[in-house]
Every structure is written in structure tokens, then in C-alpha cells.
Amino acid sequence: MKFERYGIGIAKGLSVTIRHLLRRPITTQYPEQRLNPSRRTRGNELIWDKDKCTGCGTCAKACHIGAIHISTSTNQVDNKYEVQKYEVDTGYCIFCGLCVEACPFEALFLSYDYECARYRRNDLLHDKEKMVETPERKVSGYFYPKRAAKLPKQSLLVDNDRGKRHER
Amino acid sequence: METTKTKEIVINTEPFVVNFGPAHPSTHGVFRMRMTLDGEVIMDMEPVFGYLHRGLEKLAEERTYTSCIPLTDRLDYLAPMSNNLAYCLAVEKLAGIAVPERAEYIRVIIAELQRIASHLCAVGFFLNDCGAFMTPVLYMLRERERILDLFDMVCGQRLTYNYMRVGGVSQDIPEEFIPALKKFLKEMPGWLDEYERLLKDNEILLARAKGVGILPRDLAINIGASGPVLRASGVRWDIRRADPYSIYDRFEFDIPVGTAGDCYDRYRVRVEEMRQSLRILRQAIKDLPRGEVRSEVPHLIRPPIGEAYGHLEGPRGELGFYLVSDGSIAPYRFHVRAPTFINLTALADMMRGWKIADAILIFGSIDICMGEVDR
């Protein structure tokens, strides 16, 4: 290829990169600075409501991984089965959220927490005592808009003032 | 073999075979090219796929129609929303399910955002392969981040979205989505202009990419190439126009085409497509109606016995799902027409005669995603 004037294009490109030197970085220093995740975060745990669950097992059927194990007793109390075992192996779970959508009694939620590194595999197995909603273990608004409204606003990169220079 | 005679020295050269990949940073995944080289010149190239084969098509045959959607996320992991949509279109065609108006608009908005996100990655990594090492790709990933934020807002994940459902979308977009999208639409053309200033006239890029890896128009059609690879060769073919699915017949947009069919044209076509996607997005949010986002669909869908092929214009080309139903809750056959798999068959023809340094460039210009090629 032949060019009449060498270097014009490169100089133009370098002007862009030089301008970037003077801009503020958009990255955050993660463990110290934290951004708010989405209100619908499909966090790394499942949260189960003991009172609302009737033990119908729809969630276990909707789970295509087979991560939910539920066993109930045969006697009914208040039109509900007594749930004897409710276990989720979060090591198998892919957090697709189909079980939350399938639950007809609003008894199953995903958590808002996104950090779930564990030292032991046994810790990934969550049973019904572990799956309770607590102030530390917040419920995400996935599929429940009312719960989503209570959560803090998601921090967005488009709200960052660095983009304003380009607005038209 | 070939004998070169220079004065008294006689050099005997013979072609040798080099395995390029599977674990090579430039192959965008686990892809192997078995190249026959004559010195530095590529005489022949044989692509070897299958290192990422997970048997997704077979896995899908024992799942219900709804639970196949998370599987489609894992096909083309740079454009999962398009995969979701293509699969849902196929099931809707198979079972005859109507989609509410608002859901159609949301689908178009999400699919076009996905196209921009995917093209940003494609263009960035193509420039990375050219030797514009890391600077453009990091700029473009930064803009992709803005789109991922929006996706995170609607579906709660950044990579495996699982958002589209048969008969609509899983949930309505939140209130803060449209203002954020408007902000994004305002600033995105500025960012695109900045990329143009950065690289459009760059002499090194022009010298490396112009005229390299030409895919002639006839060959592109014969091979069945689609997407930007086909359009760069000068064929005005876009499924959004040729066979409008969803509500694409309501929007005004142009189909950018290239002339030469070289690597530079493929890069230009992708950049222009991003601008067209922004145009569609502006029209879509203007007449976004209110209402339901999901039609009444049973939990276990049992489509009538038959077959259906749903396809759309994905970021990489024609993405199609072929489903055969035997009347049960799971598909009898689940086949994916992966665009990059078919575009890759043109690779040997594009590479023949070029130097080994151009091989990376030509390969990068196709924009493949190995998750989709191997399935």
C-alpha cells in the first residue's frame, strides 16, 4: 500500500490515547470499594421461606440440574406437607433462577450476596436451617419487583460523569 | 519438491506442517489450525474443531423446553441474548405461541444491545490481533461494560442471562432501565467516533488489513457464510430484512455492506452495524408500549408433533435452531445452525497464499466464538 502522507492517522490515534491519560479511571479497587450489584442479582445462595412452602416440589421439578432435594412427610397440616428435608447443593446450582420462577407460593428466592467462596465442599450444601432469610443474608429482587424496590440502587457506569463529554 | 536456483547455491525446500493451537492465545478459545507452510507462506490450512464439545444438542433432548434456555446461554457466550431469542423463536413457531407487543419491543431492544456488545468485543479483539495491543480492546470493553450493566439490571447476571422465555421475556424491564438506556444512547455515538479517530485512518492498520484475506462474493454465497463476513463481501443479506422475525419490519435501518471482502471491510461493516443498531434502539424506545411481557404458557410445553426452524440475524450471522417435537415435554431433536461454524469453513480459502502473520488477522476478522462452533 502507498500513502501520500505518512503518520497523520497514527498521530490522530495517539491524540485519543493521550487524552485518555488525563481522564479519571472508571475502575474501582474491589475489596475496599464496592459497587452496588443489580437489584435482581441472582446471588450465590437460595433462600427458602419455611412458612410459605407447602412442600409441593415444583422447584425440584423445575431444576434441570437436580440440585434441589426435597422430601416431605405424608401427613398434611393446614393443606401443607411437612417438609422434612430441603437441601440445595449450591456446588451444582447454576443460578438460572428457574426454580424461583416456578414456585407458586413465593417461598423460594435467590440471595443478594455474590461472594460465596468456601473452603470446604460440605459448606456448599445448604439445608433448611441455613437457607433462612437474615439481615446478613438479604433476598434479591429477582422475579419479585416489590422486594427489588427495597434494595439499594444499582451503580451504573452510564451514570459516571466520564461519559458526559460525549453526550449530544 | 520446489527447487530454487540462485547462482550456484541450490536450496531444497519442502512444505512442513505446523499445528497452530489448540491452546494459543490468538485462537479465541480452543481451536487448532493444521497449517501446511512453504517457508512463511500458507499453502493449506485444515481447521480442527471439537476441543470444546460438550454435547449440548444431546443434553437438550432430555430437558424440558423451558430448561433448554440456560443451555443456549452457553453456546455463544459473547451474545447469549441472541441465542435465547433464536431458541424461543423456534419454540414459539413449533408450538404456535403468540408474544405480547411489549415483550416484542423488549426483545428487540435487548437483541440490538447484545449486537453492539458483541461487535465491540469482535472489533476490539480483531484490532488486538492486528497488533494494536490491548489499547482499543480495553476501550471497547469499557463501553461493553455499560451494556452489561443494563443486562445485569434486567436479568441479574452479566454472562449467562437466561432472560428470554417462550412467549415473552422472564420479567418486565425495571423503571430505571429506560433512563439508563437513553443515557447510553446519548453517549455511545461519541465513543464510536472516538474509535474512528483512533484507528480508521491508522496507516499500520490499513497496511495490515486492506486487501488481506479476501473472500470473494461468489465463494461467500456458496459456502453459506452469513453475517458481517458475508456482507463485507458485498452481499446485501440480512435476516432482519430478508425474513423479518419479531417486529423488525417496523424499524428503519440500513444494511452496511463492504466492497472488497477483505479484513478491513469486515471491520468496517461491524462498526457501521453498531451505528445502525443504535438507530433501531432509538426507534424502539420511542414507541415502547405498555402491557404484559409474557403470554400464558404452561410450565411444561408440549408442542404438537412436527418440526420448526427459527432463525435470526445474530451478531455473527444467521443463528438458527431446528427443533423436532414428538409431542412430549422435551425436544426430540435440537440442532443449532451456528453461524461461526459455517463461516469458519471459508477460512482455508481466505488464508491460502498469505503469510503466517496474516493468518491471525484473517482468523480474528471472522469473529468466532468456540462455544458456538463446538457446542
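How many salt bridges does the rule find across the interface of chain B and chain A? The rule finds three there; a salt bridge is a side-chain nitrogen of Lys or Arg within 4 Å of a carboxyl oxygen of Asp or Glu. This is a predicted model: local features need pLDDT of at least 70, side-chain atom pairs count only at pLDDT 80 or more, and totals for chains, interfaces and linings use all residues. Residues are numbered from 1 along each chain as its sequence is written, chains are lettered from A and ligands numbered from 1 in the order in which they are written, and side-chain values use heavy atoms, with hydrogens and water left out.

**The interface**
- Chain B brings 48 residues to the contact and chain A brings 44 residues, where contact means heavy atoms within 4.5 Å.
- About 4000 Å² is buried between the two chains, and carbon and sulfur atoms give 53% of that area.
- Buried area is the accessible area (1.4 Å probe) that two parts lose on being put together, summed over both.
- In chain B, the residues that lose the most area to chain A are B:Gln171, B:Arg197 and B:Glu203, together 15% of what that side buries.

**Charged pairs**
- Side chains of opposite charge can pair when their charged atoms come close.
- One salt bridge joins B:Arg294 to A:Glu101, with the closest N and O atoms 3.1 Å apart.
- Another salt bridge joins B:Glu176 to A:Arg39, with the closest N and O atoms 3.3 Å apart.
- This pair crosses between chains: B:Glu176 is in the loop between β7 (168-169) and α6 of chain B, and A:Arg39 is in the loop between α1 (8-21) and β1 (46-48) of chain A.
- Helices (H or I, at least four residues) and strands (E, at least two) are DSSP runs, numbered from the N terminus.
- Over all chains, the whole structure holds 36 salt bridges.

**Pockets**
- The largest pocket holds about 900 Å³ of space.
- A pocket is an open set of points on a 1 Å grid over the protein atoms alone, where a 1.4 Å probe fits, with protein on both sides within 12 Å along at least five of seven lines; lining residues have an atom within 4 Å of a point.
- Grid points are joined across faces, edges and corners, and a volume is the space filled by probe spheres set on the points.
- The largest pocket is lined by 31 residues, and those nearest its centre include A:Leu35 and B:Glu145.
- The second largest pocket holds about 710 Å³.
- Its lining has 28 residues, and among the closest to its centre are A:Glu101 and B:Arg294.
- α2 (58-62) and α3 (98-102) of chain A each give two or more residues to that lining.
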